[in-house]
Amino acid sequence: MGTLRVVATPIGNLEDITLRALRSLAEADRIFAEDTRRTKILLDRHQIDAKPISLHEHNEASRIEGALELLREGGSIVLVSDAGTPLVSDPGGRLVAAVIEDGHQVESIPGASAVLSALTVAGLGAAPFTFLGFLPRAQGERAKLLNSYLGRPETLVIFESPRRVHETLTGLAQCFERRRGCVARELTKLHEEVVRGSL
C-alpha cells in the first residue's frame, strides 16, 4: 500500500511551511501540483530537487490511474495546490477519492489556509463560520444562495476574483445591508490589505 499526502503550502510568504510538509515534499516519489511553476519556486527556495507534475481540473482524471499504479507498488505521492490547503476550491478531490477507494492511505499535512487566515484577521467572529468558496457567476443563482443565509448568524467566507470584487460586494450589500464585512487580499505577502466595515 502506498500513501498520498495532501500537503498545505504557503499562501504567499514562502517561509509559511511546516517542517513535516518540507520532509514530505523531499521524500515523495511523485509531486502533483496545480501549477508546476509556482510549486517549483517553493521547491527551489527550500532546496528540494524534485520535478512536480501538473494536476489540475482539466487533467485530473487522466492522472489517476498512473497514481494508483505507483501507490500499489508502495510509493508515495504528494498533492499540493497553487497555495494553501489542497481541495479547498482547488482540484484533487477525484484523486483523493480514487486513492481511498483503491485502499491506500491518505494523510493530511496541515498548514496555511487562506480561509482561516482571512477569518482570523476579519474581526467578524470565527465561530461559527461557513465557507462558500467561489459564488455562482449567474446573478440569479448567486442571489438565491446569498438569500438562503439571511438571518443566519455565522460568518460567511467567500473567495472572489479581483475582477469581480466590486460586483460581489454590491450583491452582498443588497442582500445583507447592515451586516459587517471584510475584504482581505494578498494575505502574508508584501502588499497585504485588509479592509473592514459595513457592507
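Me: How are helices numbered here, and in which helix is the place of Val121?
Reply: Helices are DSSP runs of H or I with at least four residues, numbered from the N terminus. In this predicted model, that numbering puts Val121 in a helix that covers residues 114-122, namely helix 5.

Me: Is Val121 buried, partly exposed or exposed?
Reply: Buried requires under 20% relative accessible area and exposed requires over 50%, with partly exposed in between. Because the relative accessibility of Val121 is 28%, this residue counts as partly exposed.

Me: Which residues does Val121 touch, not counting residues up to four places away in sequence?
Reply: Val121 and Val183 are 62 residues apart along the chain, with their C-alpha atoms separated by 9.9 Å. With residues up to four places away in sequence left out, the residues that Val121 touches are Leu187, Val194 and Arg196.

Me: Is Glu154 buried or exposed?
Reply: Glu154 lies in the loop between helix 6 (139-147) and strand 7 (155-159). Since its relative accessible area is 7%, and the limit for this class is under 20%, Glu154 is buried.

Me: What is the length of the polar contact that joins the side chains of Glu154 and Thr130?
Reply: Glu154 touches Pro128, Phe129, Thr130, Tyr149 and Arg179, not counting residues up to four places away in sequence. For Thr130, the two side chains are also joined by a polar contact, and its length is 3.0 Å.

Me: How many charged residues are in the lining of the largest cavity?
Reply: The largest cavity, with a volume of about 30 Å³, is lined by Leu135, Pro136, Arg137, Arg142, Glu160, Arg164 and Thr168. By class, this lining has two nonpolar residues and one polar residue, while the number of charged residues is four.

Key:
Residues are numbered from 1 along each chain as its sequence is written. This is a predicted model: local features need pLDDT of at least 70, side-chain atom pairs count only at pLDDT 80 or more; totals for chains, interfaces and linings use all residues. Side-chain values use heavy atoms; hydrogens and water are left out. Helices (H or I, at least four residues) and strands (E, at least two) are DSSP runs, numbered from the N terminus. Buried means under 20% relative accessible area, exposed over 50%, partly exposed in between (1.4 Å probe, protein chains only). A polar contact is a pair of N or O atoms within 3.5 Å; within protein, one must be able to donate a hydrogen and the other to accept it, and residues adjacent in sequence count only if both atoms are side-chain atoms. Contact means heavy atoms within 4.5 Å. On a 1 Å grid over the protein atoms alone, a cavity is a set of points where a 1.4 Å probe fits but cannot get out, and a pocket is an open set with protein on both sides within 12 Å along at least five of seven lines; lining residues have an atom within 4 Å of a point. Grid points are joined across faces, edges and corners, and a volume is the space filled by probe spheres set on the points. Ala, Val, Leu, Ile, Met, Phe, Trp, Tyr, Cys and Pro count as nonpolar, Asp, Glu, Lys and Arg as charged, and the others, Gly among them, as polar.
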